[in-house]
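Biologist: Before we discuss this model, could you show me the sequence and the structure together, and then let me ask what stands behind each term?

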Amino acid sequence: MSTTNSKIPVGGAVSPPDERLVWPPLIALSLGYFLVMLDVTVVTVAVPTIRESVHANASAMAWVVDGYSTVFAGLLLLGGGLGDRLGHRKVFLTGLGVFTVASLGCGFATTSLMLIASRMLQGVGGALLVPTSLALLAAAYPVRA
């Protein structure tokens, strides 16, 4: 008589039939991550319009586009480390707050310097959002054995 369960696929994990995917955490974390990725695309597409609205030269526009990415990339590991030390939820919410305030700053920017500073602050918020959103997602949906 065999003690193995024939319903479990080889090498895979199954969830019990009564467990369902909980959608709110997945939606909230995905939206936070999506905001950060969408921001890069939107700004890149809108460069000509942004340039006209803040009367920026080519050098300033390079900083508007690349300043965000540079700060984001430079602080990404720090964001993950802070999440591990201070709590992923707290760092995620802080990142979301920083990103939101910086986005408002970008929307109300009247000079290229103000826009560059706001974009760099968005990079800080994004660097806190991305690694913690992935860690929170892993915690919300653990691998079932």
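What follows is a conversation about the terms used for this model and the values behind them.

Modeller: This is a predicted model, in which local features need pLDDT of at least 70 and side-chain atom pairs count only at pLDDT 80 or more, while totals for chains, interfaces and linings use all residues. Residues are numbered from 1 along each chain as its sequence is written, and side-chain values use heavy atoms, with hydrogens and water left out.

Biologist: How many helices and strands does the protein chain have, and what makes a stretch count as one or the other?

Modeller: The protein chain has 5 helices and 0 strands, where helices (H or I, at least four residues) and strands (E, at least two) are DSSP runs numbered from the N terminus. Read from the N terminus on, the elements run α-α-α-α-α.

Biologist: Why is H1 called oblique to H4?

Modeller: Helix H1 (residues 23-45) and helix H4 (residues 88-107) pack at an angle of about 40°, with their axes 12 Å apart. The axes are lines fitted to C-alpha atoms, for helices over the stretch in contact, and the angles run from 0 to 180 degrees between N-to-C directions. Angles under 35 degrees count as roughly parallel, over 145 as roughly antiparallel, 65 to 115 as roughly perpendicular and the rest as oblique, so H1 is oblique to H4. The crossing of H1 and H4 is left-handed, a word used if the near helix is turned anticlockwise from the far one by less than a right angle, with right-handed used if clockwise.

Biologist: Which residues make the contact between H1 and H4, and how do they divide by class?

Modeller: On H1 they are Ala28, Leu29, Gly32, Leu35, Val36 and Asp39, and on H4 they are Phe92, Leu96 and Phe99, where contact means heavy atoms within 4.5 Å. By class, this contact has 7 nonpolar, 1 polar and 1 charged residues. Ala, Val, Leu, Ile, Met, Phe, Trp, Tyr, Cys and Pro count as nonpolar, Asp, Glu, Lys and Arg as charged, and the others, Gly among them, as polar.

Biologist: What makes H1 roughly antiparallel to H3?

Modeller: The axes of H1 and H3 come within 9 Å and cross at roughly 160°, and that angle makes H1 roughly antiparallel to H3. H1 passes H3 in a left-handed crossing. In this contact Val36, Met37, Asp39, Val40, Val43 and Thr44 of H1 meet Val64, Val65, Tyr68 and Phe72 of H3, and the residues divide into 8 nonpolar, 1 polar and 1 charged.

Biologist: Why are H2 and H3 called oblique to each other?

Modeller: Helix H2 (residues 47-54) and helix H3 (residues 58-86) pack at an angle of about 120°, with their axes 11 Å apart, and H2 and H3 are therefore oblique to each other. Their crossing is right-handed, and Val47, Ile50 and Arg51 in H2 meet Ala58, Met61 and Val65 in H3.

Biologist: What makes the pair of aspartate 39 and arginine 119 a salt bridge?

Modeller: The side chains of aspartate 39 and arginine 119 meet at 2.3 Å, N to O, and a salt bridge is a side-chain nitrogen of Lys or Arg within 4 Å of a carboxyl oxygen of Asp or Glu. The structure holds 1 salt bridge. Aspartate 39 lies in helix H1 and arginine 119 in helix H5 (residues 112-140), so the pair ties together parts that are 80 residues apart in sequence.

Biologist: Why does valine 36 count as buried, and which residues is valine 36 in contact with?

Modeller: Valine 36, in helix H1, has 1% relative accessibility and so counts as buried, given that buried means under 20% relative accessible area, exposed over 50% and partly exposed in between (1.4 Å probe, protein chains only). Leaving aside neighbours within four places in sequence, valine 36 is in contact with Tyr68, Phe72, Phe99, Gly126, Leu129 and Val130. Aspartate 39 and arginine 119 are buried too.

Biologist: Is histidine 55 buried or exposed, and why?

Modeller: Histidine 55 lies in the loop between H2 and H3, and at 69% relative accessibility histidine 55 counts as exposed. Histidine 55 also has a positive phi of about 55° although it is not a glycine.
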